Amino acid sequence: METQLTISFLFASLLLSIIPGPDNIFVLTESITKGKRNGVAISLGMAFGCLVHTIAAATGLSIIVQKSVMAFSIIKIIGAMYLFYLAFISIKEKRIDMNILQKQRTKKENIWYLIKKGFLMNALNPKVALFFMALLPQFISKTGFNITIQMLVLGTIFGIQVFLVFSIISFLSSGLTKYVNSERFWNVTKWTKGSILSFLGLALLLSTRNK
């Protein structure tokens with residue numbers, strides 16, 4: 001694995017995890033309405049869910065990349081189009097009023113139930129699977145470890161940073177409310193996220209099988 005590619009992957013992953021999206025907004029709302037403990041537990045479950053998609057992508061894509069140029073090209077185009085779609089959806093996202101959610105306090109749930117809830121949210125989401133199939137191949141090196149191992153390492157890195165970032169969001173949930181409620185903040189972040197996803201989609205579209 002190339003250090004530069006790994007650092008680039010970590011940087012891109014952190015940006016995508018920090019910028020408001022369905023998963024971190026869900027963690028934020030759970031933390032606000034049910035407490036930080038709930039948010040951290042769900043974050044852990046989501047991180048484990050990422051590993052499921054990592055294993056699936058690593059085993060399936062490695063075979064495709066090695067065996068079929070045409071299949072790889074089709075997967076590459078589909079993945080790029082999906083990233084462009086995510087970019088479009090990100091730009092169209094509407095701001096959520098956190099002040100209303102703060103008033104909707106509910107009782108805490110069992111921690112194992114919360115971990116399972118976060119896990120199933122990611123593990124059973126086909127959109128997450130498509131995202132991993134589109135993201136991981138861009139940061140694979142043609143030297144060093146084989147493709148499967150590289151994808152497993154990258155997916156593990158992604159899962160760890162998801163847990164850490166989402167847990168931090170849980171602990172800072174009360175202080176983040178005023179920023180998320182800001183129209184300017186929401187506009188800047190959604191356009192930033194849309195730009196990042198568009199760039200990743202373009203990079204995937206221009207990538208080669210021997211990258």
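**Figure 1. Gly35 follows helix α2 in this predicted model.** The residue after α2 is Gly35, and its phi is positive, near 105°. Helices are DSSP runs of H or I with at least four residues, strands are runs of E with at least two, and both are numbered from the N terminus. Residues are numbered from 1 along each chain as its sequence is written. In this predicted model, local features need pLDDT of at least 70 and side-chain atom pairs count only at pLDDT 80 or more, while totals for chains, interfaces and linings use all residues; side-chain values use heavy atoms, with hydrogens and water left out.

**Figure 2. Helix α2 is mostly covered.** Of the 13 residues of α2, 10 are buried (buried means under 20% relative accessible area, exposed over 50%, partly exposed in between, with a 1.4 Å probe and protein chains only). Among the buried residues are Ile25, Thr29, Glu30, Ile32, Thr33 and Lys34. The end C-alpha atoms of α2 are 18 Å apart, which agrees with the 18 Å that its 13 residues should span at 1.5 Å a residue; the expected span is 1.5 Å times one less than the number of residues.

**Figure 3. Helix α2 packs against helix α8.** Two packed helices are described by the angle between their axes and the distance between the axes. Helix α2 (residues 22-34) and helix α8 (residues 147-171) meet at an angle of about 35°, and their axes are 8 Å apart. The axes are lines fitted to C-alpha atoms over the stretch in contact, with angles running from 0 to 180 degrees between N-to-C directions. On the α2 side, Asp23, Asn24, Val27, Leu28 and Ser31 take part, and they meet Phe166, Ile169 and Ser170 in α8 (contact means heavy atoms within 4.5 Å). By class, this contact has 4 nonpolar, 3 polar and 1 charged residues; Ala, Val, Leu, Ile, Met, Phe, Trp, Tyr, Cys and Pro count as nonpolar, Asp, Glu, Lys and Arg as charged, and the others, Gly among them, as polar.

**Figure 4. Pro20 lies in the loop between α1 and α2.** Helix α1 covers residues 3-18. Pro20 counts as buried because its relative accessibility is 8%. Pro20 and Lys190 are 170 residues apart in sequence, yet their C-alpha atoms are 7.2 Å apart in space.

**Figure 5. The chain has 10 helices and 0 strands.** Of its 211 residues, 45% count as buried. Among contacts between residues at least 6 apart in sequence, 87% join residues at least 24 apart.
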